[in-house]
Amino acid sequence: MSREARGLTEYGGSIEEVASQIQRSLSAWFPSSTHPGGFAWEEATGQLPGELAVAWQAGEVAGWAAFSAEDSRVECASRDEATTELLADWLLDTAGTSTVSVAVHREQQRLRDILADQGFVDEDVPLAGLSHPAGDTGNRPPTGYRIRPLDEGEEACRVKVHRTAWKPSDLPFTDDTGDSISPDAESRMDAEKFRRMQSSPLYRRDLDLVIEAPDGSLAGSCTAWLDPSSGWVEMEPLGIVPEHRRRGLAQVLALEVCRRAAGHGAREVFINTAPLPYYRAPWEAYVKAGFTPMLRGTRMRRPATVAL
């Protein structure tokens, strides 16, 4: 039976036509999946793997999978073994003999068994994250700074502050990783990607926050994605421009998201990060702010194999 007959559709390039349907299904699966807001951010900014497949059931998304060597995923309801097997089969066939790393959430036992049978082993860095209850912690910005939503007509400034905060060679790496990055490298964010981000059903201007510095310039920004169905908010991305780092602004901005999220009925705020040995600054900053580590699962890797 063909994959199409089994309810599987393959996508290469844009999946804009089905992105909102995938997001709706992710609401039911998170935190055992990508957060729907994080998915919206990745889709808008072109960060999803280039090869994707969607499993359908009665016209609804029953699961999705994506392949790239360093970021492959199989996501569906954790007990839906039939969809897990269908998507895992697609992933392994698409990967062929290449190296592949797959995110495996704790509840995805069937996926873990399938990958283990194919020679996959756990990677050292876990599939992690951080969470904090929605609510007011009493934290406020340093004197002279203020946090506010993005103003109308401020989009160009918003894009600029993101690009400045996320310039690859200026990121606070723990080791010498930054030394190998060209100083000419730039963030992929631009006006068109920001427009696409704003068109997502989960985007809210009142939760797209900026930090205004004492001189009126923007010192940082954070987009908070509220999923009303689950009550979870994901912050993606949060960045502080280099001149304003080491003042606690990232922690204050994250806790401001918690305060505002509670006002919208959210119950929990999530940050998709891990204690990477070469980039520990975000993890350590948010833990210091009171965010709690989440052990969400592992990544499983299979090295490249030789076709017989």
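Which helix gives the largest share of the lining of the second largest pocket? Keep that in mind while I say that what we have here is a predicted model. Okay, the answer is helix 5, residues 155-165, which supplies four residues of that lining.

The pocket itself holds about 180 Å³ of space. Around it you'll find Cys157, Lys160, Val161, Thr164, Asp215, Ser217, Leu218, Val241, Glu243 and His244. Sort that lining by class and you get four nonpolar, three polar and three charged residues.

Now, on to a helix pair. Helix 2, residues 36-44, packs with helix 6, residues 191-198, at an angle of about 150°, and their axes are 8 Å apart. Anything over 145 degrees counts as roughly antiparallel, and therefore that's what we call helix 2 and helix 6. Their crossing is right-handed. Who's touching whom? On the helix 2 side it's Trp41, Glu43 and Ala44, and they meet Lys193, Arg196 and Met197 of helix 6. The residues of that contact split into three nonpolar and three charged, with no polar ones.

Most peptide bonds are trans, and most residues other than glycine have a negative phi. Here, though, the bond from Phe30 to Pro31 is cis, with omega near 15°, and Pro31 sits in the loop between helix 1 and helix 2. There's another cis bond from Glu236 to Pro237, omega near 0°, with Pro237 in strand 11, residues 232-240. And then Ala58: not a glycine, yet its phi is positive, about 55°. You'll spot Ala58 in the loop between strand 2 and strand 3.

Definitions and conventions
Residues numbered from 1 in each chain as written. Predicted model: local features only at pLDDT ≥ 70, side-chain atom pairs only at ≥ 80, totals over all residues. Heavy atoms only, no water. Axes fitted to C-alpha atoms, helices over the stretch in contact; angles between N-to-C directions. Helix = DSSP H or I, 4+ residues; strand = E, 2+ residues; numbered from the N terminus. Parallel < 35°, antiparallel > 145°, perpendicular 65-115°, else oblique. Left-handed = near helix turned anticlockwise from the far one by under 90°. Contact = heavy atoms within 4.5 Å. Nonpolar A, V, L, I, M, F, W, Y, C, P; charged D, E, K, R; others polar. 1 Å grid on protein atoms, 1.4 Å probe; cavity = no way out; pocket = protein on both sides within 12 Å on 5 of 7 lines; lining within 4 Å. Points joined across faces, edges and corners; volume = space filled by probe spheres on them.
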